[in-house]
Amino acid sequence: FEKAAEACRESMRLNPNWVIPRSNLALAYICLNRFDEAKQVIQEALAQKLESTPMHSHRYSIAFVQGDAAAMKQQIDWASGRPDEYLAQAWQAEVAAFCGQLRKEREYSQRIVELALQHERKEAAAQFLAGQAVMEAIFGHCDHASSLVGKAFDIWRSRSTVAIAANALSICGDSGQAQPLIDEYSRLFPKNTFWNSVSAPLCQAQIALHRGSPAQAIELLESAHRFESSGNFGPQYVRGQAYLKLNKGAEAAAEFQKILSHRGWSVRGVLYPLAYVGLARGAVLQGDTAKARKAYQDFFALWKDADPDNPILIEAKKEYEKLN
């Protein structure tokens, strides 16, 4: 990301009136957890009337991290009525999921699909349905996830939709449906570096984890190390879960800590708050009750407005009670 920032600055020097390098520079700073610098880049660009949807998405992310509700609303208002307004709905859906509010996330997701189809963005609608399937899978609603995958394919079976759907179904351990999709994508794009190094191994590792083979899951994710800063925390999270299954608390905690130390890699990613639960469980395995208690408390703070019937929240509260 340091090299990316350097390249963006050089691009801005060569063409000061181009929005893309400014947006990419802001993103590089976000990935480095340098949120104030990213905000400064965006403010300077907007002052020069250089703006784009990604630029406002980055500003929304920064505002979310910094608890600036007014700035978050400004970005949503900016997007209102635009052909890609559905993207702003997606930002809000991600934040709702991040906060454990699945019911609200579903409402936003329905609106996303409606808006995308309204503007003839069928591929986008299908991708968002598959993305919602991933969210349902993470929250343990696998029947719903499978149904959403079917609906996504009914709209548009693009390569991105296939990849996202494979992830959703593999989170559920549904190898019968996931494996054909993994094979399909691999057949279509045999030289796709990120797919071969991160996405496909992640799917296989999730299936292995469900099959009761945590050591194999860790082995499958070896290739992901080089690129996993772009994996939306998936490789670290699954590796951490696998170490928990192996009763290796220190190793598990280290993986979850990677997530918590790099918020900028996926600012609105739902696996960030869930990493606190993983960290707590790793601490319990190490006999560090104080660290475990603190991690649970940090999780509860992030999920203070979560749906009360959320099974992840209910389970975490039970585990926390046992510590007291």
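Modeller: The model is predicted. By the rule of sulfur atoms within 2.5 Å, the count comes to one disulfide.

Biologist: What makes cysteine 142 and cysteine 172 a disulfide?

Modeller: Their sulfur atoms are 2.1 Å apart, and the cut-off is 2.5 Å, so the pair qualifies. The angle about the S-S bond is -95°, and the link of cysteine 142 and cysteine 172 is left-handed. Cysteine 142 belongs to helix α9 (residues 142-155), while cysteine 172 sits in the loop between α10 (159-171) and α11 (175-188); the two are 30 residues apart, and the pair links distant parts of the chain.

Biologist: Why is cysteine 172 called buried, and what is cysteine 142 called?

Modeller: Buried means under 20% relative accessible area. Cysteine 172 has 16%, so it is buried. Cysteine 142 has 28%; that value falls between 20% and 50%, so cysteine 142 is partly exposed.

Biologist: What about cysteine 203: buried or exposed?

Modeller: Buried, because its relative accessible area is 2% and the limit is 20%. Cysteine 203 lies in helix α12 (residues 193-210). Leaving out residues up to four places away in sequence, cysteine 203 touches Ala166, Asn167, Ser170 and Ile182. Cysteine 203 and serine 170 are 33 residues apart in sequence, with 5.3 Å from C-alpha to C-alpha.

Biologist: Asparagine 167 is on that list of contacts. Why does asparagine 167 count as buried?

Modeller: Its relative accessibility is 19%, under the 20% limit, so the label is buried. Asparagine 167 lies in helix α10. Neighbours within four places in sequence aside, asparagine 167 is in contact with Val134, Leu202, Cys203 and Gln206.

Biologist: What makes the link between asparagine 167 and glutamine 206 a polar contact?

Modeller: The two side chains meet at 3.1 Å. The limit for such a pair of N or O atoms is 3.5 Å, so the distance qualifies.

Biologist: Now the aromatic rings. Why is the pair of phenylalanine 139 and tryptophan 303 called stacked?

Modeller: The search of the whole structure finds 14 aromatic pairs. In the pair of phenylalanine 139 and tryptophan 303, the centres are 5.9 Å apart and the planes 5° apart. Pairing needs centres within 6.5 Å and stacking needs planes under 30 degrees apart, so the pair is stacked. Phenylalanine 139 lies in the loop between α8 (122-138) and α9, and tryptophan 303 in the loop between α17 (289-302) and α18 (311-323), so the pair ties together parts 164 residues apart in sequence. Phenylalanine 139 and tryptophan 303 are both buried.

Biologist: Why is the pair of tyrosine 272 and tyrosine 276 edge-to-face?

Modeller: Their planes stand at 90° with ring centres 5.9 Å apart. Planes over 60 degrees apart count as edge-to-face, so that is the label. Tyrosine 272 and tyrosine 276 both lie in helix α16, four residues apart, about one turn of the helix.

Biologist: How do you know that arginine 263 sits over the ring of tyrosine 272?

Modeller: Arginine 263 lies over the face of that ring, 4.7 Å from its centre; the distance limit is 6 Å. Arginine 157 likewise lies over the face of phenylalanine 153, at 4.2 Å from the ring centre.

Biologist: Which residues do ring pairs link into a cluster?

Modeller: Phe139, Tyr296, Phe299, Phe300, Trp303 and Tyr320.

Biologist: Which residues have the most contacts inside the largest nonpolar core?

Modeller: Phe139, Phe256, Tyr296, Phe299 and Trp303, in a core of 77 residues. Helix α16 (residues 271-285) gives the largest share, nine residues. A second, separate core has 36 residues, including Val113 and Trp195.

Methods: Residues are numbered from 1 along each chain as its sequence is written. This is a predicted model: local features need pLDDT of at least 70, side-chain atom pairs count only at pLDDT 80 or more; totals for chains, interfaces and linings use all residues. Side-chain values use heavy atoms; hydrogens and water are left out. A nonpolar core is a set of buried Ala, Val, Leu, Ile, Met, Phe, Trp, Tyr and Cys residues joined through side-chain atoms within 4.5 Å. Buried means under 20% relative accessible area, exposed over 50%, partly exposed in between (1.4 Å probe, protein chains only). A polar contact is a pair of N or O atoms within 3.5 Å; within protein, one must be able to donate a hydrogen and the other to accept it, and residues adjacent in sequence count only if both atoms are side-chain atoms. Contact means heavy atoms within 4.5 Å. Rings of Phe, Tyr and Trp (its six-membered ring) pair if their centres lie within 6.5 Å; planes under 30 degrees apart count as stacked, over 60 as edge-to-face and the rest as tilted. A charge sits over a ring if NZ of Lys or CZ of Arg is within 6 Å of the ring centre and within 35 degrees of the ring normal.
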